[in-house]
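Morning, everyone. Please have the sequence and the model up on your screens. I'll start with strands and finish with a ligand.

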Amino acid sequence: MQELKITRPDDWHLHLRDGDALKAVLPHTVRQFARAIVMPNLKPPVRTVDDARAYRDRIIAAIPEGKKFEPLMTLYLTDNTTPEEIIAAKAAQFVKAVKYYPAGATTNSEFGVTDISRCDRVFEAMQKEGMPLLLHGEVRDQAVDVFDREKVFIEQYLIPLRTKFPELRIVLEHITTADSVQFVLDTPNIAATITPQHLLFNRNEIFKGGIRPHFYCLPILKREQHRQALITAATSGNPKFFLGTDSAPHSRDHKENSCGCAGCFSALHAIELYAEAFASVNALDKLEAFASFYGADFYQLPRNTEQITLTKSTWQIPDQVSFPESELVPLWAGQELKWRYIEN
Ligand code: DOR
Ligand code: ZN
């Protein structure tokens, strides 16, 4: 096979930032994807429908001339989010989900939820309105080993939440473990996004020959057995698993730092990275549904109709791309990839 034609994909988990950073990264996503679920972890976060409307306007203003792209907005859940805000969000239509970050778990999460039991009235409203809840599924307890924080989150928080609100539609974001795959398979009304880095790498990659900060993200990469479980899930043709890059740009100096930021930048070459992962297990025939169908189906949105083409031709991921006052190092910079997306 020399050419792979698929329906234009959507990115169901994306960080676009704001201001000049937004202007620098958005064109990369627009080049490959028709729509994206935009994370609300700005500083300060996108907490209300008004915040989301203003952010959406800034994103739309940053779309390159002549290009089409639809930002799908999310609200950042806090201890103070009200059921009324959920009703307003549903009515506004451009807000597609609400994101839960445990306070302090990751980048710009200091406004996040300190005690999930405070959110019961909001979850009730979300369940009633059919508003999906997106979970950063890690406990913030520093006493829990960083490699176990996702598993412990499921046990301590997700299972009770599922029992209390069985109809609430949940996306467990950027899953990293076999335990999460199994939980999603076994539980109704829950789906999961999977990033390219968690499909391509295990935790050894962070320490290959020295410390490699561009492979550091949260949740952190896990053991090989977990990577394999994710590959199996993503290529299984099960609609509960779909594409979400979690492309999370941080400038080179913020990554290559004595306390480097978490996040991998993959918007530049997202679909090619997924193609590489799917090709590694001879499952390119499963890429289209994972990248372009199942996410839209979960969010009850129409599937895209336009097609894109991936060509079998070797190319090298650039060492850097431009970013305000610095540069961005793409995930797996310098690596040769076998599939290439060429814009129409
Ligand atoms: O690695 C990550 N980066 N994980 C997150 O949860 C947040 C993200 C970011 O915003 O940089
Ligand atoms: Zn994220």
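Strand β8, residues 190-194, runs parallel to β9, and three bridges join them. Strands here are DSSP E runs of at least two residues, helices are H or I runs of at least four, and both are numbered from the N terminus. Two strands pair if DSSP finds at least two bridges between them. Across from Phe242 in β9 stands Thr193.

A word on the source: this is a predicted model, where local features need pLDDT of at least 70, side-chain atom pairs count only at pLDDT 80 or more, and totals for chains, interfaces and linings use all residues. Residues are numbered from 1 along each chain as its sequence is written, chains are lettered from A and ligands numbered from 1 in the order written, and side-chain values use heavy atoms, leaving out hydrogens and water.

Now the whole sheet. It is open, with eight parallel strands in the order β2-β3-β4-β5-β6-β7-β8-β9. Which strands stand at the edges? β2 (11-14) and β9 (241-243), each with a single partner strand, so one side of each has no neighbour in the sheet.

On to ligand 1. It is surrounded by 12 residues (a heavy atom within 4 Å). Among the closest are Arg17, Asn41 and His250. Polar contacts here are pairs of N or O atoms within 3.5 Å. A backbone N or O atom of Leu218 sits 2.8 Å from a ligand 1 oxygen. For the His136 side chain, the distance from an N or O atom to an oxygen of ligand 1 is 3.2 Å.

Methods
Polar contact = N/O pair within 3.5 Å; in protein donor to acceptor, adjacent residues only side chain to side chain.
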